[in-house]
Amino acid sequence: MSNDIRALPSLPQFPFLGNILSFRQDRLKFLRDLGSHGDLGVFYLGSYPVVFINSAEYAHGILVQHAQSVEKSLMLRKYMRPLLGNGLLTSENSFHRRQRKLVAPAFQHRHIANYANTISAYTDETQARWHQGQRIDIAQEMMRLTLRVMSQTLFSTDINTEADALGRALTTVLNYSNSVANTLIHIPYHWPIPQHKRVHAAIAQLDTTIQRLIHERRTQPTSTNDLLSVLLQAHDDDDGSFMTDTQVRDELMTLFLAGHETTANALTWTWYLLAHHPHIATKIKDEVDSTVGTRLPTMDDLSKLPYTLQVFKESLRLYPPVYMIARKASQAFELGSYHVPEGMAFVVSPYTIHRRADYFDHPEDFNPDRFDTSHEASIPKNAYIPFSLGPRNCIGNHFAMMEGHLMLAIIAQRMRLLLAPNQRIVPDPSITLRPKGAIHMIVERF
Ligand code: HEM
């Protein structure tokens, strides 16, 4: 006889509103409070119950074992569809499986290696702009850098030259999606309020640019190896078909969006953590100095920089950019001893799973050594999930790790970044876990 999953421990709620106010007010505290109940909990968004998953075992249950019985959340699909169409993040079932098969080759090692030169060159240009003593907003700088990397690797367009309009349009849409994720009252997307008009105009601009790039590439094929070329050449092994222009557009938009803000946030939190732990920043510099010397680090050097990678992994543990992964049961199933009815909503919480003391010793400490070769194997299976698990895990996982690894090595080799005084830095968890506003840092060049 299975248990009713809605009877799991919960937090105090208000009639009609459920837990929506505390979920909005301080989301990370809310998740931690729920996590204090153990592996599973339940909270209410209005009258809708949401099952909270706080364990490696249940995360695997939802994301891998029962992957065929869950789908993406309604919110994601509803508010991201206008921008992303039917791309990898928002599509479902057989259509998703086909698209995933078509897009996956673009992220094979040999293609990722091509993108590394762009990452090195742009990171080098960015750090060269920062002069001794300069005060920079590291959150904005990382966002700009990853946006520039993404548009170059996607369609060989330098956002600095294609006018920053493309970047601005994408930011408008991103800000809208984040604000929708944080709002209580949802105004239908087609209502012509000023905010919606701005978003419609931004999407139209992104569409025009991307359609033009697709058209140019189809009519004048080049030998470039960017993601656009790889996607245009990708074909279904079963029936030989290629993607339509609309599919290519949807996948490009999805990669553009999924690939830059996440990595920018991960790097921003890494610089923040390093500013609080200068001896760890020094260890990165020592590692780069002793293996690469003073030249620009490249992808070939990365295998000689294991400590730098450990730092990036540890930062993703404490500040996973995708701190909540939402799902909805598309059919009834049994999760352990619980019966899950069709329609039940879930939130898998990498943020709290990564901070469980039974998975990670002294979980609040920033300790990159936990990812060295002798310790990493002792991390319980599925307890470290910044890129999720299963068939919907992050397709850009290796790209993102390479990008973060390389950017950290290049910047830490040249400078220390110190936190500017008198700032209150707090996370602003919306779709991704970003900092609230700017993080000002002072550049101290070596
Ligand atoms: C540190 C950086 C990144 C993190 C932490 C991250 C994390 C994630 C997570 C947790 C998911 C699963 C979301 C869900 O199931 O709801 C995901 C999906 C995805 N990510 Fe990433 N990501 C990162 C970088 C990237 C990059 C660089 C790209 C592409 C260039 C990318 C492309 C995607 C795509 C297309 C999906 C949807 C995959 C599917 O459903 O088949 N991500 N990412």
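**Figure 1. Polar contacts of the Ser241 side chain.** In this predicted model, the side chain of Ser241 makes a polar contact with the side chain of Arg98 at 2.7 Å. A second polar contact, at 2.8 Å, joins the side chains of Ser241 and Asp239. A polar contact is a pair of N or O atoms within 3.5 Å; within protein, one must be able to donate a hydrogen and the other to accept it, and residues adjacent in sequence count only if both atoms are side-chain atoms. Local features need pLDDT of at least 70, and side-chain atom pairs count only at pLDDT 80 or more, whereas totals for chains, interfaces and linings use all residues. Residues are numbered from 1 along each chain as its sequence is written, and side-chain values use heavy atoms, with hydrogens and water left out.

**Figure 2. Surroundings of Ser241.** Ser241 sits in the loop between α10 (227–233) and α11. Helices (H or I, at least four residues) and strands (E, at least two) are DSSP runs, numbered from the N terminus. Leaving aside residues up to four places away in sequence, Ser241 touches Arg98, Ala234, His235 and Asp236; contact means heavy atoms within 4.5 Å. Ser241 is partly exposed because its relative accessibility is 24%. Buried means under 20% relative accessible area, exposed over 50%, partly exposed in between (1.4 Å probe, protein chains only).

**Figure 3. Shell around the ligand.** The ligand is surrounded by 29 residues, each with a heavy atom within 4 Å of it. The closest are His96, Arg100, Arg327, Arg392 and Cys394. Elements giving two or more residues to the shell are α5 (93–103), α11 (245–276), β6 (325–329) and α16. The largest share, seven residues, comes from α11. By class, the shell holds 17 nonpolar, eight polar and four charged residues. Ala, Val, Leu, Ile, Met, Phe, Trp, Tyr, Cys and Pro count as nonpolar, Asp, Glu, Lys and Arg as charged, and the others, Gly among them, as polar.

**Figure 4. Cys394 and the iron atom.** Cys394 (SG) is the single protein donor to the iron atom of the ligand, 2.3 Å away. Donors are N, O and S atoms within 2.8 Å of the metal (3.2 Å for Na, K and Ca); water is not among the atoms, so sites may look incomplete. Cys394 lies in the loop between α15 (373–376) and α16 (397–414). Its relative accessible area is 31%, so Cys394 is partly exposed.
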